[in-house]
Amino acid sequence: MRKIVGAILSFILGGIILTTNNMEVEGSNAYSRVLLSSYEVVEGSFTPGENVTLSLKFTNPNAQKDAYNILITYATDNSNVLPVYGQSNQVYIDSIEAKQEETVQIQLAVPEGITGTEARMGYHISYSDDTSSSYEYTGTIAAPLYANCQLDVQDIFVSKSCVAGDNSLLSLTYENKG
């Protein structure tokens, strides 16, 4: 098994940061490659207590070699996001032909008690080519967390000269718990 490791690339796709190992090797067609080329939130959002569906697009940019037996495993070290109950944390793709792409969808649950500003999900891709050589690499998706709006009103003060049915000024103290 060859582990292709290189410089780490980070770029932002619609507010979501994607980090992956650089797949540059000698000779542009020396190895088949499977890259996570893009993804988007199809349904839901990265909000605590909510489910989110991601569409992941995997590409084989090699011009000559197909990739086979592609196994994508996704997980988090600190349980930021998890597969929806009853779903697996693995996706299998039989093959991606040279210069082609394949799209899969995964459903994730964002735990209610999650804290911080982003939800991180690591992924590991392993695959083989037509010579039965195997390859693997890992990457990370970091999506911004959206907080639920929760305002807690502490105190409300109304002027003594307040008349029902007329406009009056209110003074209130609140705490944003979202």
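**Group meeting: an all-strand predicted model**

Proline 83 stands opposite leucine 108 in β9. The model is predicted, so local features need pLDDT of at least 70 and side-chain atom pairs count only at pLDDT 80 or more, while totals for chains, interfaces and linings use all residues. Residues are numbered from 1 along each chain as its sequence is written, and side-chain values use heavy atoms, with hydrogens and water left out.

First, the sheet around that pair. β7 and strand β9, residues 100-109, pair in the antiparallel sense over two bridges. Pairing here means that DSSP finds at least two bridges between two strands. Strands are DSSP runs of E with at least two residues, helices are runs of H or I with at least four, and both are numbered from the N terminus. Four strands form an open sheet in the order β4-β5-β9-β7, with antiparallel pairing. β4 (35-44) and β7 (82-83) stand at the edges with a single partner strand each, so one side of each has no neighbour in the sheet.

For the whole protein, the count is zero helices and 13 strands. Of the 178 residues, 34% are buried. Buried means under 20% relative accessible area, exposed means over 50%, and partly exposed is in between, with a 1.4 Å probe and protein chains only. Contacts are heavy atoms within 4.5 Å. Among contacts with a separation of 6 or more, 64% are between residues 24 or more positions apart.

Next, asparagine 60. Asparagine 60 is in strand β5, residues 51-60, and counts as buried because its relative accessibility is 0%. Which backbone atom lies 2.8 Å from a polar atom of the side chain of asparagine 60? That is the backbone oxygen of lysine 65. The backbone nitrogen of arginine 33 lies 3.4 Å from a polar atom of that side chain. A polar contact is a pair of N or O atoms within 3.5 Å; within protein, one must be able to donate a hydrogen and the other to accept it, and residues adjacent in sequence count only if both atoms are side-chain atoms.

Asparagine 62 is found in the loop between β5 and β6 (67-75). Asparagine 62 also has 0% relative accessibility and therefore counts as buried. Its side chain reaches the backbone nitrogen of glutamine 64 at 2.6 Å.

Now the charged pairs. Side chains of opposite charge can pair when their charged atoms come close. The cut-off for a salt bridge is a side-chain nitrogen of Lys or Arg within 4 Å of a carboxyl oxygen of Asp or Glu. The structure holds two salt bridges. Lysine 57 forms one with glutamate 101, where the closest N and O atoms are 3.6 Å apart. That pair links distant parts of the chain, with lysine 57 in strand β5 and glutamate 101 in strand β9, 44 residues apart. Lysine 57 is partly exposed at 27% relative accessibility, and glutamate 101 is partly exposed at 46%. Arginine 120 forms a salt bridge with glutamate 118, with the closest N and O atoms 2.7 Å apart. Arginine 120 counts as partly exposed at 38%, as does glutamate 118 at 26%.

On to the hairpin. Strand β10, residues 118-128, is joined to β11 by eleven bridges, and the two run antiparallel. Tyrosine 127 stands opposite tyrosine 135 in β11. The hairpin has five residues between the strands, and serine 132 takes a positive phi near 65°.

Last, the surface. Accessible areas come from the Shrake-Rupley method with a 1.4 Å probe, and for residues only the protein chains shown count as cover. The protein exposes about 10600 Å², of which carbon and sulfur atoms supply 47%. Where is the nonpolar patch of about 700 Å²? It is made by Leu151, Val153, Ile156, Val158, Leu170, Leu172 and Tyr174. The elements giving two or more residues to it are β12 and β13 (170-176), and β12 gives the most, with four residues. Patches are made of residues with over 30% relative accessible area and no salt bridge, joining like charges within 9 Å and nonpolar side chains (Val, Leu, Ile, Met, Phe, Trp, Tyr) within 5 Å.

Cysteine 149 lies in the loop between β11 (134-144) and β12 (151-158). Cysteine 149 is exposed, at 71% relative accessible area. Cysteine 149 and asparagine 176 are 27 residues apart in sequence and 7.6 Å apart in space, C-alpha to C-alpha.
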